[in-house]
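Dear colleague,

I am passing on the structure below, followed by notes on what was found in it. Please read the notes with the coordinates open beside them.

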Amino acid sequence: MQLFPCPFCGPREESEFHYGGEAGNLRPDGSEVTAERWAGYLHMRDNPKGPTREIWVHLTCGEFFAMSRDSVNHKVSGSSVLGEAEHGA
Amino acid sequence: MTRQYSALSLFKEGIAGQTGWEKAWRSPDPKPRYDAIIIGGGGHGLATAYYLAKNHGVTNVALLEKGWIGGGNTGRNTTVVRSNYFYPESAAIYGLAHSLYKSLSTDLNYNVMFSARGILTLAHSESAMETAARSVNAIQVNGIDCELFSVEDVRRVVPIYNFSPGTRFPVYGGTWQPSGGTARHDAVAWGYARAASRLGVDIIQNCEISDFIIEDGRCRGIVTSRGAIRAERTGMAVAGHSSVLAAKAGFRLPVNSYALQACVSEPVKPIIDTVVISPDTGVYVSQSDKGELVIGGALDRIPSYGQRGNLPVLEGVIAGMLEMYPIFGQLKMMRQWAGIVDVVPDSSPIIGESPLPGLFLNCGWGTGGFKAIPAGGTLLAHLLATGRHHDISRPFDLDRFARGRLVDEAAGSGIAH
Ligand SMILES: [Zn+2]
């Protein structure tokens, strides 16, 4: 069982967490958003092999946060509370 | 040299000390230019090569594989072949694959050991039975053989199931596709490779793509670890790495990569003669011809390119299996592994020209790519030969995500991916 670091609760078992998407995938704003842009936001992904920064939720405490991870060897390099980069301005 | 496999050639070679067998496929050096390039030496790529040559007469083709053929998901899956899908578009594509599988051994002159042993999908609650009845209706309307099973039917087909009162996963019935079954995964790869090679396709292993050659906004070939290779049309069938290649070509795909685990037990005498799937526990079981129980589970819910898998899912699979089949309690597990699968939001494949003209896609099969190999090959070959969609592949174009016309099999047939 791998341990993931919740910024609020500390290291907890991976099964307490749920993946929430790639960090920085911001919802398009405004009334003139093309179908392609919506498709990009809803469906298209970078899906990187190697270092990646993702949004996760710790189901136990209910908090969302950002986690930096390697998608090949699964090593976690850190986690942090959500900042502007993840929320948008 | 003996080329054709038959009882007579086997007998002759037996007498001659097995000295006359020709190599199953050639291993030529890559030429600088081809009519078409196929990236990926798994089942889908190899089938594409074969059907390009056989159906379209395009034989000046290079198939490039970064490792060895069949070493990715083709050699890692649990070999189930079925076509019991909800939407007509899906029934058409998986039905095409299923019908080609039935005659594949004869077609390729290679025994792929397709065994129509039937596929049972269990229903563990009253509401699951209602859904099963709805599925069976839709599948029958699609022209696919499928029946609704009662508890008695399940008992007849899988007598070793745990039917005791108070079990965590009681059986209310299920759906049954009698023509579904299994095929030998390695043989599918090797059979297509041999047949394609005999028709003139160059199969080049240990050849990794480092970049695409892009001129005037078109894909004109690729740069590989063995030099540049040019072609006006390139197809990619690289499940598990689709996003990585797409990034090199300058576009993104609606794909998330996840690990899908499987494991096998020590070989035992025949105990289960069908494929049993339990959507609620995510566990499916069949028995190989060697006697090993082949056990698969649901996806790891952690995006991953590591071909190992994490413990919680494996633990859930084994726990579910033991509750459903207490008789397996003393079995020793021999091997566990994972393959990296392309998971797409609507659980349907992506087939068609990519945003980079001249580059064509066959990806996004999720956890079910093996069963679709003959269809994926036929359809990508059609695209590479004609530049246009086959009627069956049209609904699966990448443009469906911007048009909102998804083929949502996760909602339709309740498949796990
Ligand atoms: Zn927490």
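The second largest pocket holds about 480 Å³ of space, a volume being the space filled by probe spheres set on grid points that are joined across faces, edges and corners. A pocket here is an open set of points on a 1 Å grid over the protein atoms alone, with protein on both sides within 12 Å along at least five of seven lines, whereas a cavity is a set where a 1.4 Å probe fits but cannot get out; lining residues have an atom within 4 Å of a point. This is a predicted model, in which local features need pLDDT of at least 70 and side-chain atom pairs count only at pLDDT 80 or more, while totals for chains, interfaces and linings use all residues. Residues are numbered from 1 along each chain as its sequence is written, chains are lettered from A in the order in which they are written, and side-chain values use heavy atoms, without hydrogens and water.

Of the 21 residues that line this second largest pocket, B:T79, B:R184, B:H185, B:S288 and B:E292 lie nearest its centre. The lining divides into 5 nonpolar, 9 polar and 7 charged residues, where Ala, Val, Leu, Ile, Met, Phe, Trp, Tyr, Cys and Pro count as nonpolar, Asp, Glu, Lys and Arg as charged, and the others, Gly among them, as polar.

There are 2 cavities of 30 Å³ or more. The largest cavity, of about 60 Å³, has a lining that includes A:Y19, A:R69, B:N256 and B:Y305, and the second largest cavity, of about 30 Å³, is lined by 6 nonpolar, 3 polar and no charged residues.
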